[in-house]
Amino acid sequence: MPGLEDLYREIILDHYKNPRNRGELAPPAVSAEGHNPLCGDEIQVYLLVENGTVSDVRIAGQGCSISQSSASMMSAAVKGKSVDDVRKLVSRFKHMMSIEECDSELDTSVNLGDLEALQGVVKFPVRIKCATLAWNTLLEALESAHA
Ligand code: ZN
């Protein structure tokens, strides 16, 4: 019987080998770029927001398996969601990836699904920035979508 860690490793590898939503989007889509100099990861997030909903998302860039699979999972998780729900998901994910005290404002009804596969990364603090890079870049893109 494969353990949970094997299952998580499989999910991460699958997203790394078959990244979802790869590519770019032309304006009016907005974009943001993120870098993680510690590891050399680069992520570009393209976001099309229509009527308060993330109607399309594309990911470009390169880097380690954690950064790229996290970006792929993020793209699959936010596509079609309302901007409000995306923000909730981002805080939930970032909370999972942090060792900080619990935020009482946190909406625990948000379902992380496959994203839970990345929680093992917390054991390797150096890799946390790899896992959160796409999410911080997504937040930046969201900001420009509202500008
Ligand atoms: Zn990395």
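Tutor: N21 lies in the loop between α1 and β1; helices (DSSP H or I runs of at least four residues) and strands (E runs of at least two) are numbered from the N terminus. The model is predicted, so local features need pLDDT of at least 70 and side-chain atom pairs count only at pLDDT 80 or more, while totals for chains, interfaces and linings use all residues. Residues are numbered from 1 along each chain as its sequence is written, and side-chain values use heavy atoms, with hydrogens and water left out.

Most residues other than glycine have a negative phi, and most peptide bonds are trans. N21 is not a glycine, yet it has a positive phi of about 55 degrees. Its relative accessibility is 19%, so N21 counts as buried; buried means under 20% relative accessible area, exposed over 50%, and partly exposed in between, with a 1.4 Å probe and protein chains only. P28 is also placed in the loop between α1 and β1. The peptide bond leading from P27 to P28 is cis, with omega near 15 degrees.

Next comes the sheet. It is open and has three strands in the order β1-β2-β3, with antiparallel pairing; two strands pair if DSSP finds at least two bridges between them. β1 (30–36) and β3 (53–62) are at the edges with a single partner strand each, so one side of each has no neighbour in the sheet. From one strand to the next, the twist averages 20 degrees; axes are lines fitted to C-alpha atoms, for helices over the stretch in contact, and angles run from 0 to 180 degrees between N-to-C directions. β1 and β2 run antiparallel and are joined by seven bridges, and S31 stands opposite Y46 in β2. Helix α4 packs on the sheet and touches β1 and β2, its direction making about 150 degrees with that of β1; contact means heavy atoms within 4.5 Å.

β2 and β3 pair in the antiparallel sense over nine bridges, and A60 in β3 is the bridge partner of Q44. The hairpin of β2 and β3 has two residues between the strands. N51 lies in this loop between β2 and β3, and its phi near 50 degrees is a positive value in a residue other than glycine. N51 is exposed, with a relative accessible area of 82%.

V49 is placed in strand β2 and counts as partly exposed at 26% relative accessibility. Leaving aside neighbours within four places in sequence, V49 is in contact with V54, V83, L142 and A145. V49 and H146 are 97 residues apart in sequence, but 8.9 Å apart in space, C-alpha to C-alpha.

D41 lies in strand β2 (residues 41–50) and C130 in helix α4 (residues 125–146), so the pair ties together parts that are 89 residues apart in sequence. Both D41 and C130 are buried.

The largest nonpolar core has 41 residues, of which V45, L47, M97, L118, W135 and L138 touch the most other members; a nonpolar core is a set of buried Ala, Val, Leu, Ile, Met, Phe, Trp, Tyr and Cys residues joined through side-chain atoms within 4.5 Å. At least two residues of this core come from each of α1 (4–17), β1, β2, β3, α2 (65–78), α3 (83–96) and α4. α4 gives the largest share, nine residues. Apart from this core lies another, of five residues, among them L25, A29, Y46 and L48.

Helix α2 is mostly covered, with twelve of its 14 residues buried. The elements covering its buried residues include α1, β2, β3, α3 and α4. Just after α2, G80 takes a positive phi of about 90 degrees.
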